[in-house]
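Colleague: I am new to this one. Could you walk me through it, one question at a time?

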Amino acid sequence: MADCLVEVRDLCKYFPVAGKKTLKAVDHVSFTIEKGQTLGIVGESGCGKTTCGRTLIGLYPKTSGEILFAGQDVTELAGKERLRFKKRAQMIFQDPYSSLDPRMTIAEIVAEGLQVHTNLSRKERQERAAEELLAVGLTRDYLNRFAHELSGGQRQRVGIARALAVEPEFIVCDEPISALDVSIQAQIVNLLIRLQKERGLTYLFISHDLSMVRHISDYVGIMYLGALVEYGTGAQVFSEALHPYTKALISAIPDPDPDSGHEEKKIRLSGEVPSPVDPPPGCRFAPRCAFACEACHAQMPAWEHAGEGRYVACHRWKEIKEKGV
Amino acid sequence: MEEQERTETIPQEKFIIEGCREGEAEQMARPHIGYVRDAWRRFRKNKVALIAFIILCILVFLTIFGPSISGYAFEEMDKTARNQGPSAAHWFGTDKLGRDLFARVWQGGRVSMLIGLTGALVSSVIGCIYGGIAAYFGGIVDDVMMRIVEILISVPYLIVVILLSVVLQSKSIGTLILALTLTGWCGVARLVRAQMLQIKSQEFVMAANCLGVSSRRIILRHLLPNTISVVIVTITFDIPGYIFSEAFLSYIGLGVQAPDTSWGALASLAQANFTFYPYQLFFPSLMIALTMLAFTLMGDGLRDALDPRLRT
């Protein structure tokens with residue numbers, strides 16, 4: 001792929017926990033994101049989505065693997081080079097209540113990155129901040145406000161403006177809508193889509209909301225307990241899921257039509273997500289999977305190519321696909 | 001097929017923009033108020049804290065100008081006017097050496113206030129730096145530094161004061177402040193560390209990291225400003241503590257030495273003939289109580305006023 005902007009190869013992020021154990025938050029994850037496109041990462045709470053995003057952006061040091069940004073490994077960068085990467089890749093945070101400093105005005109928050117990356121004067125920075133606020137749908141009246149004077153949706157807009165101010169090419173959106181009302185969620189997602197069109201941004205969109213991911217993403221990756229289990233275009237994944245976990249997730253999306261019989265067809269998973277601390281060998285999903293066989297419990301499934309731009313990590317995906325379960 | 005039908009988008013022409021245009025999407029209703037003004041507005045609403053603040057202002061005014069208002073020098077003895085009760089000539093009366101108590105109470109107030117303020121200030125500065133370093137570096141540095149604090153906190157300050165006055169061969173105000181702050185900063189250090197740890201894990205620090213802001217700037221712009229209100233409140237709560245400690249030490253004879261005086265020393269002197277001349281004990285004790293109460297009540301009000309998230 002010629003215009004691939006972000007490429008992640010075998011990324012691992014382990015955290016040491018008490019008793020010399022390791023928590024495998026992200027375990028051998030690989031994906032690529034093309035320029036101007038959106039990769040949606042979906043998974044339930046605690047599956048490592050956020051850790052994956054934070055490691056990608058350099059907030060956490062990786063354990064192993066490679067993160068290529070425009071063909072360059074960014075995990076080993078230092079000094080000026082690292083600063084340049086930070087200008088090109090930004091992040092939007094999950095909790096709009098803790099992501100803005102309560103002691104800073106909105107102008108200071110939005111202009112913070114400009115102070116690091118540009119030589120603009122205080123006044124020019126203020127102007128740029130006002131421009132960015134306008135771009136996210138806030139007037140310049142907000143410049144001298146404090147974060148606590150704004151609503152959740154407005155704060156999230158400020159968070160977006162802060163990321164946009166340094167003119168990045170790539171933005172990791174770490175569950176940017178999960179803390180907001182449904183009506184505001186739509187506004188924020190539409191804002192993100194508009195900004196992407198206007199500025200040619202590339203997104204990694206992390207969420208547990210399947211409908212939103214389907215709405216915004218070109219590609220979708222499904223994560224389960226630290227590992228990607230399926231990857232493909234949105235249409236592929238949502239119309240014909242290969243991995244049993246993806247099937248279960250998609251069937252969990254509520255259907256607005258009460259007569260569709262959807263409720264009866266729902267796949268209900270039994271059991272709990274196992275602990276990511278020293279997980280057993282074999283497929284992570286095997287204990288809860290209806291299709292699990294012996295091989296699933298014994299051996300980790302390979303990250304297999306499953307057709308045009310599709311990948312899946314399951315021993316039995318072919319059988320499942322043929323049977324059409 | 002059914003899937004596609006459902007996700008089909010409605011053409012743009014079918015939408016009409018209602019109400020506002022882009023750019024003027026949301027308007028502010030309330031005029032903007034700055035941080036300090038907002039805090040002051042909230043502080044004023046708390047009547048108890050406001051009264052405490054006014055009492056404190058009066059007390060500070062009198063400790064500064066009181067001795068000159070009285071018309072007597074605080075160490076001036078008058079053998080003809082010993083142990084007199086409060087009168088027009090001597091507002092608070094005189095002691096057994098004929099010294100004017102009004103002048104002496106405010107002179108003593110100077111010492112008490114000085115020790116209270118410098119003690120709280122010095123221990124806050126040291127505590128802030130120490131706690132800040134422990135929290136920022138974390139890990140083993142934090143562990144070692146906090147164990148040291150725990151050991152120091154377990155040493156009773158009375159022992160420290162006695163040892164210091166023996167070692168330094170002096171009972172001056174300086175020694176007293178040194179002895180009191182030697183272990184006094186530990187509480188502040190713990191508090192600052194806890195507060196900083198909490199702020200460090202917030203997403204806005206992560207966002208600053210993402211933007212490439214340097215560690216020095218993160219500490220100066222994010223961590224410190226968010227800790228400062230806690231520190232201010234601690235100072236106001238610490239001041240009465242130091243004043244009382246000083247009074248206690250002077251009372252048992254370890255503090256300020258004659259001819260200099262303080263509220264504690266005055267109370268100690270008056271205690272000998274308190275059955276006959278209770279007013280000699282009453283005035284210094286009243287001042288100690290008033291100051292401590294005022295500082296505590298004001299600290300309470302400040303804590304509420306300085307938190308921008310507590311909206312009233």
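Colleague: What covers the buried residues of helix 3 of chain A?

Modeller: This is a predicted model. The buried residues of helix 3 (residues 106-117) include A:Ile106, A:Val110 and A:Leu114. Their cover draws on both chains. It includes helix 4 (122-135) and helix 5 (152-165) of chain A, together with helix 8 (203-210) of chain B.

Colleague: Which residues does A:Val110 touch, not counting those up to four places away in sequence?

Modeller: A:Val110 is one of the buried residues of helix 3 of chain A. Leave out residues up to four places away, and its contacts are A:Ala129, A:Glu132, A:Leu133, A:Val158, A:Ala161, A:Arg162 and A:Ala165.

Colleague: Which residues touch the most other members of the largest nonpolar core?

Modeller: Nonpolar side chains tend to be buried together in soluble globular proteins. Here the largest nonpolar core has 112 residues. Helix 7 (residues 173-200) of chain B gives the most to this core, with seven residues. The members that touch the most others are A:Val110, A:Leu204 and A:Val229.

Colleague: How many residues are in the second, separate core?

Modeller: Among its members are B:Ile115, B:Val161, B:Ile239 and B:Phe295. B:Ile115 lies in helix 4 of chain B, and B:Ile239 in helix 9 of chain B. The count for this second core is 43 residues.

Colleague: At what angle do helix 4 and helix 9 of chain B pack?

Modeller: Two packed helices are described by an angle and a distance between their axes. For helix 4 (residues 101-137) and helix 9 (residues 215-251) of chain B, the axes are 7 Å apart. The crossing is right-handed. The angle is about 145 degrees.

Colleague: How do the residues of that contact between helix 4 and helix 9 of chain B divide into nonpolar, polar and charged?

Modeller: Helix 4 of chain B brings residues including B:Gly116, B:Leu117 and B:Ser123. Helix 9 of chain B brings residues including B:Val231, B:Asp238 and B:Glu246. The division is 13 nonpolar, six polar and two charged.

Colleague: How many helices and strands does chain B have?

Modeller: Read along the sequence, chain B follows the pattern α-α-α-α-α-α-α-α-α-α-α. Of its 312 residues, 36% count as buried. The tally is eleven helices and zero strands.

Colleague: In chain B, what share of contacts between residues at least 6 apart in sequence join residues at least 24 apart?

Modeller: Start with the contacts in chain B between residues at least 6 apart in sequence. Then keep those that join residues at least 24 apart. The share is 68%.

Colleague: In what order do the four strands of the open sheet in chain A stand?

Modeller: Strand 1 (residues 4-17) and strand 2 (residues 21-34) of chain A run antiparallel, joined by ten bridges. Strand 1 also pairs with strand 4 (residues 64-69) of chain A over five bridges. Strand 4 pairs with strand 5 of chain A over two bridges. The order is 2-1-4-5.

Colleague: Why is one side of some strands left without a neighbour in this sheet?

Modeller: The four strands form an open sheet.

Colleague: Which residue in strand 4 of chain A is the bridge partner of A:Val8?

Modeller: Strand 1 and strand 4 of chain A pair in the antiparallel sense. A:Cys12 stands opposite A:Ser64 in strand 4. For A:Val8, the bridge partner is A:Ile67.

Colleague: Which residue takes a positive phi in the hairpin of strand 1 and strand 2 of chain A?

Modeller: Three residues lie between the two strands. A:Pro16 has A:Thr22 as its bridge partner in strand 2 of chain A. The positive phi is near 85 degrees, and the residue is A:Gly19.

Colleague: Is A:His215 buried or partly exposed?

Modeller: A:His215 sits in helix 7 (residues 210-216) of chain A. It has 16 C-beta neighbours inside 10 Å. Being buried takes 20 or more, so with 16 A:His215 counts as partly exposed.

Conventions:
Residues are numbered from 1 along each chain as its sequence is written. Chains are lettered from A and ligands numbered from 1 in the order in which they are written. This is a predicted model: local features need pLDDT of at least 70, side-chain atom pairs count only at pLDDT 80 or more; totals for chains, interfaces and linings use all residues. Two strands pair if DSSP finds at least two bridges between them. Axes are lines fitted to C-alpha atoms, for helices over the stretch in contact, and angles run from 0 to 180 degrees between N-to-C directions. A crossing is left-handed if the near helix is turned anticlockwise from the far one by less than a right angle, and right-handed if clockwise. Two residues are in contact if their C-beta atoms, placed from the backbone, lie within 7 Å. Ala, Val, Leu, Ile, Met, Phe, Trp, Tyr, Cys and Pro count as nonpolar, Asp, Glu, Lys and Arg as charged, and the others, Gly among them, as polar. A nonpolar core is a set of buried Ala, Val, Leu, Ile, Met, Phe, Trp, Tyr and Cys residues joined through C-beta atoms within 7 Å. A residue is buried if 20 or more other C-beta atoms lie within 10 Å of its own, exposed if 12 or fewer, and partly exposed in between; C-beta atoms are placed from the backbone.
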